[in-house]
Amino acid sequence: METKTKISSGHRKNMIVAVCVLTSVWLVMTVNAEEKQIKKNQNAQVPSTVLPETKRSTNKVKPIFYPELTKHELKIQEAFNTETDCDFSETPLSEVMKLLAKRHGITILVMKFDLGEEGLTVDEPVSLSVKGISLKNALALMLGPKQLTYVVEQDVVKITTGVKAGDEVKFTVRVYPVGDLAESEEDYVELIDTIQKAISYNFEGSLSLMKSSKVLVITQSYHKHMVIVDLLTQLRKARQDQAGMSEEKK
């Protein structure tokens, strides 16, 4: 009887160990299966989150005119739209420009000889106290009263006179794609008339329509080109807003 009892006891122990082992194996297999399923789900989700971003990054924004701005010119345009603070009182013009150039990381040159032709110097006193306005507006406020202005040429900002900035030799040629803004002959006539009025009724420079290419070839001064760029941008924005409203009504 004792032998049988021992055998039965040993058998029970073996059974318990076997059950424990099988249970452990089952748990390990379950955990592994769950981990594989999680990884599989994560891998399946990757295309939906990564691919659209990759697609967006490869889409290039269509330039509003040609030739396209250089990287230096783009940096200058960004600086012009950046807010700045000015607190100058009878400060020499050259010092003011040096401070603003350093603050915004661009090159600003005061054209000494241009100013000299109008009886001005690089040390003209500047008085301006403003906060939180764009750099381009700050420049206009401090330069305008002295009949000075700025132009962007050769990747730098040049401080010059209004006379020099308007000289024909300062005119540049740009090609503006406008096929998205005009379809018929009447559309082109209306667009050209709008541009001429936006610049001034006394249109200087030249404007030519190449209908086959759907572009306007415009020869103008720097600041008038800026007016044209702003006008075309606003027209496109208005058209997009109108299209969005039409979609909402549907």
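This is a predicted model: local features need pLDDT of at least 70, side-chain atom pairs count only at pLDDT 80 or more; totals for chains, interfaces and linings use all residues.
Reader: Which residues touch the most other members of the largest nonpolar core?

Author: A nonpolar core joins buried residues through side-chain atoms within 4.5 Å. In this model the largest such core has 30 residues, and Phe 80, Met 97, Met 142 and Val 157 touch the most other members. Two or more residues come from each of helix 2 (71-80), strand 1 (83-92), helix 3 (93-104), strand 3 (125-134), helix 5 (135-143), strand 4 (148-153) and strand 5 (156-161).

Reader: What does Met 97 touch, not counting residues up to four places away in sequence?

Author: Met 97 touches Ile 108, Val 110, Leu 139, Met 142 and Ile 159. A second core, of 18 residues, is separate; Phe 65, Leu 181, Ile 192 and Ile 199 are among its members.

Reader: In what order do the three strands of the open sheet lie?

Author: Two strands pair if at least two bridges are found between them. Here the order is 6-8-7, with antiparallel pairing. Strand 6 (172-177) and strand 7 (206-210) each have a single partner strand and stand at the edges, so one side of each lacks a neighbour in the sheet. From one strand to the next, the twist averages 15°.

Reader: How many bridges join strand 6 to strand 8?

Author: Six bridges link strand 6 with strand 8 (residues 215-220), and the two run antiparallel. Pro 177 has Val 215, in strand 8, as its bridge partner.

Reader: Which strands does helix 8 lie across?

Author: Helix 8 (residues 222-249) lies across strand 6 and strand 8, and runs at about 10° to strand 6.

Key
Residues are numbered from 1 along each chain as its sequence is written. Side-chain values use heavy atoms; hydrogens and water are left out. Buried means under 20% relative accessible area, exposed over 50%, partly exposed in between (1.4 Å probe, protein chains only). Helices (H or I, at least four residues) and strands (E, at least two) are DSSP runs, numbered from the N terminus. Contact means heavy atoms within 4.5 Å. Axes are lines fitted to C-alpha atoms, for helices over the stretch in contact, and angles run from 0 to 180 degrees between N-to-C directions.
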